[in-house]
Each structure stands twice: as C-alpha cells, then as structure tokens.
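Subject: Structure handover

Hello,

The structure is below, followed by notes on what was found in it. Please read them with the coordinates open.

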Amino acid sequence: MRSSSRASGVTRRGAGPSRRHPVLSRILPTPDEVLQSYLTHDEVFILVDEPATSAFLLEATNEILIIVVIALVTGFAVGNGGGLVAATLGLMAIGVVATTLVIRRLQAWYTRYALTDFRLIRSWGVIKRQLAWMPWSKVTDVLLVQNLAGRLLGYATVRIESANEASGFKAVTDLRDPHRFHRVVTEMVQAKQGKTVPPWMKPDDGGGRSPSGGGRGPRPPRPHSDEAVTIPGLPSIPLPDEGGDPFGD
C-alpha cells in the first residue's frame, strides 16, 4: 500500500500484509518484509533507501579484476599444457572470490535505511539480523559526504549523530538517493524540534501582516535623533539620523 506525499515529495509505504506465502515469508523473507516486521501497529514509512548498486560495483572493482586475471592466467596455462590441474585450481580461485562478492552483495541487499513518522531505522544482516533505530528527538547532527565517484554515480553517505555515542545508526552509507534522504531527515527534525526565529522576524502582536499573510508586521516609528536607546548596565546610546538599522527598508 503506497500513497504519495506532495509536501515532501517522498513515497509513503503502509504496513500492509505481504502477498507471498506466509511460510515462504517466514523461512526466506525479503528485505522489505524484514523491515515491515519491525513496525509498530500505527507507524508509517515515509522513505526507504538502500545501498546503491553502483557503489557496490565500484567497491568490488579489485575483486572483479582478480577474477579476470585468474581467468586469463588459467586459460593461458590450460592452453600451454596445464591440463585439468590448472583448470581446477583456476576455477577454485575464481569460485572463492566470486562467493565473497555474492556474500557482500547479499549483505548490501538486505540493508535498509528507513524514515518513519517516529524514528530512523537501520536494518541489516542476512543470517544474523540486526536493527538500530533513533527517535527524531535524539538527532543532533547530520552530515552529508559525497566524494567524486559518488557525485558521478549519484550515491553518497549521510552520517546521523545523536546524544548516544553508542548508536548503531551513524553509518548510512552509499544511499541511492542521498539528497532526498538528507532533505527528508532535515524536514523531520525541523517538524519535531522546531525552528528558532529571532525577534526581528516575528510579526507584531497587533496582528498587522502583509497582504500575503507572511513576513513582519508594521514597523514601529523610528526614534528621533535626540532620543536614545538605554541598555541596562551601559550608558545611553544616541541613535543616528540615518542608517544604523541592518533590517531597514
């Protein structure tokens, strides 16, 4: 079940029942089914992201090159009389490296980063499943890191800090849509913790507003040049005739 949110431009996912057979979902659940199982009864997904495939392929470049080199060396050895022994050793080496890549890819595929209306969730692990989450009220710092390869391929890492230094949610790595993820995190923190508005941006209590409904109310009359501003603990400060107001019209 999905519904779009025009305000934030994100996709909402409801916690609807899975369409797969219950036995199959229990024995071999998909990453999304694992994530759904962590929701509370009235919790709603706002955004779900996962590590980008392009980031995995870039990180696996060394292993892919090793497989290519082993295949070339094995082919050369077999062509020069190496026979069955060279072929067997080459295939075994390729199998070990390929298995390592498959395991790493499976781990990345089972990693999910979810934003809900209550918390941030990080779910990972295939055999040993792990979960870390952080309520929006605990978020203290958000850092977006994107290197040159990430800029070219479209992925980045968002680090989310909290007052709890032992939190397992810090590494939100290789996001497929990092800028939208970062924007939604910012919007959720803003909605939870609010914004600080300096006094000069607040409308007057008299209710006077601009026709558009926003901005400041009518400005009070400017003191005359012979008047002064009195600050407790300091001598009176005479106001100049012109200028001196950084927010003047």
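The buried residues of helix H7 are Pro178, Phe181, Val184, Val185, Met188 and Val189, where buried means under 20% relative accessible area, with over 50% called exposed and anything in between partly exposed (1.4 Å probe, protein chains only). They lie on the same side of H7, because the arc they cover around the axis is only 135°, taken from the directions from the helix axis to the C-beta atoms. H7 runs over residues 178–193, which makes 16 residues, and its first and last C-alpha atoms are 22 Å apart, close to the 22 Å expected at 1.5 Å a residue; the expected span is 1.5 Å times one less than the number of residues. Glycine 194 follows H7 and has a positive phi, near 80°.

This is a predicted model, in which local features need pLDDT of at least 70 and side-chain atom pairs count only at pLDDT 80 or more, while totals for chains, interfaces and linings use all residues. Residues are numbered from 1 along each chain as its sequence is written, and side-chain values use heavy atoms, with hydrogens and water left out.

The protein chain has seven helices and 11 strands; these are DSSP runs numbered from the N terminus (helices H or I, at least four residues; strands E, at least two). Of the 249 residues in the protein chain, 28% are buried. Contact means heavy atoms within 4.5 Å. Among contacts between residues at least 6 apart in sequence, 51% join residues at least 24 apart.

Next, helix H5 (83–109). Its 27 residues should span 39 Å at 1.5 Å a residue, and the end C-alpha atoms are 38 Å apart, which agrees. Ala86, Gly90, Ile94, Val97, Leu101 and Ala108 are buried in H5. The buried residues of H5 pack against H3 and helix H4 (61–79).

A pocket here is an open set of points on a 1 Å grid over the protein atoms alone, with protein on both sides within 12 Å along at least five of seven lines, and lining residues have an atom within 4 Å of a point. Pro51, Ala108, Thr111, Thr173 and Asp174 are the closest to the centre of this pocket, out of 16 lining residues. At least two lining residues come from each of helix H3 (53–59), helix H5 (83–109), strand S5 (119–124) and strand S9 (171–175), and H5 gives the most, with four.

Aspartate 174 is in strand S9 and has a positive phi near 55°, in a residue other than glycine. Its relative accessibility is 13%, so aspartate 174 counts as buried. Glutamate 50 lies in the loop between strand S3 (45–49) and H3, and counts as buried because its relative accessibility is 14%. Leaving aside residues up to four places away in sequence, glutamate 50 touches Trp109, Thr111, Arg112, Tyr113, Asp174, Leu175 and Arg176.

Last, isoleucine 160 sits in strand S8 (residues 156–162). Isoleucine 160 counts as buried because its relative accessibility is 0%. Valine 142 is 18 residues from isoleucine 160 in sequence, and their C-alpha atoms are 4.7 Å apart.

Regards

Methods. 1 Å grid on protein atoms, 1.4 Å probe; cavity = no way out; pocket = protein on both sides within 12 Å on 5 of 7 lines; lining within 4 Å.
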